Amino acid sequence: MPSPRTITIVALSVALGLFFVFMGTIKLTPRLSKDAYNEMKRAYKSYVRALPMLKKMGVSSIILRKTIGALEVACGIVMTLVPGRPKDVANFFLLLLVLAVLFFHQLVGDPLKRYAHALVFGILLTCRLLIARQPEEQPPEKRTLSVNGEEQPLVHEAAPEKGKVKVS
């Protein structure tokens, strides 16, 4: 049976991956929600206006929105479907994207309700990454003592026999 840690990582990976696939798709196409797509277009125009250096570098609101959307979709797919280390890399990139989006929201002065979801999902990405990077707990090894060629558990680690009370 998988450990609670493994179940937590898998559940967070799938949920976060699907969320970012959904959000990235909304940034890329109006097929899922025309209203949300139009709102994303408007928001990214305001982000580029607030950061004139993006314009100087040749980054338009369309390029910025589509780049972030494509990265969200790609990383979301990796988080959902690909096992192992690539999930952690995708998690890290998504965390960087969330931080960038939070920066953009703060830059244009959006109220908290406009970016609360990004804040929550940034916290979830951080938690998933911290849990995934912790080493797996190993069960304690039983140490034995060799007596007359027979291995016996150390006295202080030996479990009391069933039905007997240990008195010290």
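Which residues does UniProt list for "transmembrane region"? The unreviewed entry lists residues 7–26, 89–108 and 114–131. The views below show a predicted model.

**View 1. The largest nonpolar core has 30 residues.** Phe20, Leu64 and Leu125 touch the most other members of this core. Five helices each supply at least two residues: H1 (4–28), H2 (34–50), H4 (61–81), H5 (85–108) and H6 (112–133). H5 gives the most, with 8 residues.

**View 2. Leucine 125 and its contacts.** Neighbours within four places in sequence are left aside here. Leucine 125 is then in contact with Leu16, Phe20, Met79, Asn91, Leu94, Leu95 and Val98. One of these partners, Phe20, is also among the core residues that touch the most other members.

**View 3. A nonpolar patch lies on the surface.** Val89, Phe92, Phe93, Leu96 and Leu99 form this patch. Together they have about 470 Å² of accessible area. Phenylalanine 92 is placed in helix H5. Why does phenylalanine 92 count as partly exposed? Its relative accessibility is 45%, and partly exposed covers the range between under 20% (buried) and over 50% (exposed).

**View 4. Residues 89–108, from the UniProt list.** This stretch is 100% helix and 0% strand. Its end C-alpha atoms are 29 Å apart.

**View 5. Residues 114–131, also from the UniProt list.** Here the chain is 100% helix and 0% strand. The C-alpha atoms at the ends are 28 Å apart.

Key: Residues numbered from 1 in each chain as written. Predicted model: local features only at pLDDT ≥ 70, side-chain atom pairs only at ≥ 80, totals over all residues. Heavy atoms only, no water. Core = buried A, V, L, I, M, F, W, Y, C linked by side-chain atoms within 4.5 Å. Buried < 20%, exposed > 50% of the residue type's maximum accessible area, 1.4 Å probe, protein only. Helix = DSSP H or I, 4+ residues; strand = E, 2+ residues; numbered from the N terminus. Contact = heavy atoms within 4.5 Å. Patch = residues over 30% accessible without salt bridge, like charges linked within 9 Å, V, L, I, M, F, W, Y side chains within 5 Å. Areas by Shrake-Rupley, 256 points an atom, 1.4 Å probe, with all protein chains shown as cover. Salt bridge = Lys/Arg side-chain N within 4 Å of Asp/Glu carboxyl O. UniProt positions renumbered as here; feature names shortened; annotations may be inferred.
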